[in-house]
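I set down here what I looked up in one protein model, entry by entry.

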Amino acid sequence: MNIKKIFHNSLMAAAIVLCLILSLTVAASATEEITGGSALDTESMFTDRDLEQTADRKDAVSYTVKSGEDIHISSAGVYVLTGAASDVTVYIEAGDEDKVQLVLDGVTITNEDFPCVYVKSADKVFITTGADSALSVTGTFTADGETNTDGVIFSREDLTLNGTAKLTISSSNNGVVSKDDLKITGGTYEITAASKCFEANDSIRVADGTFTLNAGTDALHAENDEDDALGWVYIAGGSFAIESGDDGIHGESIVQIDGGTFDISAGEGIEGTYIQINDGEITIGSWDDGVNGAAKSASYWPTIEINGGYITIVMASGDTDGVDCNGNLIINGGTIDVSGMSTFDYDGSGQYNGGTIIVNGQQLSSLPSQMGGASGGMGRRGRWG
């Protein structure tokens, strides 16, 4: 008998068990820290300038776009775009402390293979709609060296969208892409994209706006490959009409909804690791999961927490779940009205502390029985009925 080998294997087994216990403890503590309060720190979500819907044009520089002539902006300031043209890219390559505001004042740009607006460097960029404008890319995007420029508006830096008019975007790939934070505080957006309408690495933050979004994959998608505590979505208001081939709203770590009206038709309406709904009027038609708390981020335990709002979910027939969580389901308030064959599915604990639950037209006094079984994460193509 090899005593050393047995001892070594015993130590290895003990180490593995200890690691599992520690990981579960960390995940559980993260859930405990969030539950009962805001999942995200909402006090510093938006600056005063983010929330201003008009630009100070006193010292603004104006450009009339011309076909085949790119525009290069290299310093802080306000820049106004007008006219109609094709094969035009507005390059913003400013200093690390420069704030650049681009005013779309009735401009139309149609490109074949490159972004209409490309932010290469700046401290922050604001894109403000002053009059109805339209941007589109019709063909296959061309990379800029090692940068996969795959959005009609493509930014390597923090980006804020606001304004008083409508911006129409059509894309053969993504609509708006930010490699940092993407904020939207006002304006009207009509976006049709073969992939995602809005995509960001660190966060997507919405204070207000009117959105008509048609996405081949996800309408709003936040994901950070290097830090899985990032890649979150926060929505405080706005009106959303969403049709998407996969997820309506996807935050790899957290999705927090504090207000707004939503009409979502998607494979999965809302997906994230930790989903917190505090208010809002949300209608979801789904052919996979209506609201899905999936294990996407190791920084949070999969949780769905509903504290307020009115949520209506209509599920397609088949292997579908209205509210599906790979962890814990917590209902403290609001109204959840679910129609379908499988209405609630959670793998961890279920807490019903308040609010109204309606299942297939019948009001319940407790959570439906736990269905068990992990599911979700991949939207099936089809239509809900």
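**Entry 1. Conventions.** I count two strands as paired if DSSP finds at least two bridges between them. Helices (H or I, at least four residues) and strands (E, at least two) are DSSP runs, numbered from the N terminus. The model is predicted, so I noted that local features need pLDDT of at least 70 and side-chain atom pairs count only at pLDDT 80 or more, while totals for chains, interfaces and linings use all residues. Residues are numbered from 1 along each chain as its sequence is written, and side-chain values use heavy atoms, with hydrogens and water left out.

**Entry 2. Strand E25 and its partners.** I looked up E25, which spans residues 310–315. E25 pairs in the parallel sense with strand E28 (residues 335–339) over five bridges. With strand E23 (residues 281–293), E25 also pairs in the parallel sense, over six bridges. Ile 313 of E25 is the bridge partner of Ile 284, and Ile 313 stands opposite Val 338 in E28. I then compared the faces of E25: Ile 311, Ile 313 and Met 315 form the covered face, whereas Tyr 310, Thr 312 and Val 314 form the uncovered one.

**Entry 3. Asp 337.** Is Asp 337 buried or exposed? I found Asp 337 in strand E28, and it is buried, with a relative accessible area of 17%. The cut-offs I used are under 20% relative accessible area for buried, over 50% for exposed, and partly exposed in between (1.4 Å probe, protein chains only). Not counting residues up to four places away in sequence, Asp 337 touches Tyr 310, Ile 311, Thr 312, Ile 313 and Ile 358; contact means heavy atoms within 4.5 Å.

**Entry 4. The whole chain.** I recorded two helices and 32 strands in the protein. Of its 385 residues, 52% count as buried. Among contacts between residues at least 6 apart in sequence, 51% join residues at least 24 apart.

**Entry 5. Nonpolar cores.** I took a nonpolar core as a set of buried Ala, Val, Leu, Ile, Met, Phe, Trp, Tyr and Cys residues joined through side-chain atoms within 4.5 Å. Which members of the largest core touch the most other members? Of its 79 residues, these are Phe 198, Leu 220, Ile 249, Ile 270 and Phe 344. Strand E22 (residues 261–277) gives the largest share of this core, six residues. Another core, of ten residues, lies apart from it, and includes Ala 39, Met 45, Trp 232 and Ile 254.

**Entry 6. Asp 263.** Asp 263 is found in strand E22. I noted Asp 263 as partly exposed, with a relative accessible area of 48%. Neighbours within four places in sequence aside, Asp 263 is in contact with Phe 240, Ala 241, Ile 242 and Thr 283. Asp 263 and Gly 285 are 22 residues apart in sequence and 8.2 Å apart in space, C-alpha to C-alpha.

**Entry 7. Val 107.** I located Val 107 in strand E5 (residues 99–111). Why does Val 107 count as buried? Val 107 does so because its relative accessibility is 0%. Neighbours within four places in sequence again left aside, Val 107 is in contact with Val 65, Leu 81, Thr 82, Gly 83, Asp 132, Ser 133 and Ala 134.

**Entry 8. Positive phi.** Most residues other than glycine have a negative phi. I noted Asp 87, which is not a glycine, with a positive phi of about 55 degrees. Asp 87 has its place in the loop between strand E3 (77–86) and strand E4 (90–93), and it is exposed, with a relative accessible area of 52%. Asn 360 has a positive phi of about 50 degrees. Asn 360 lies in the loop between strand E31 (356–359) and strand E32 (362–364), and is partly exposed at 48%.
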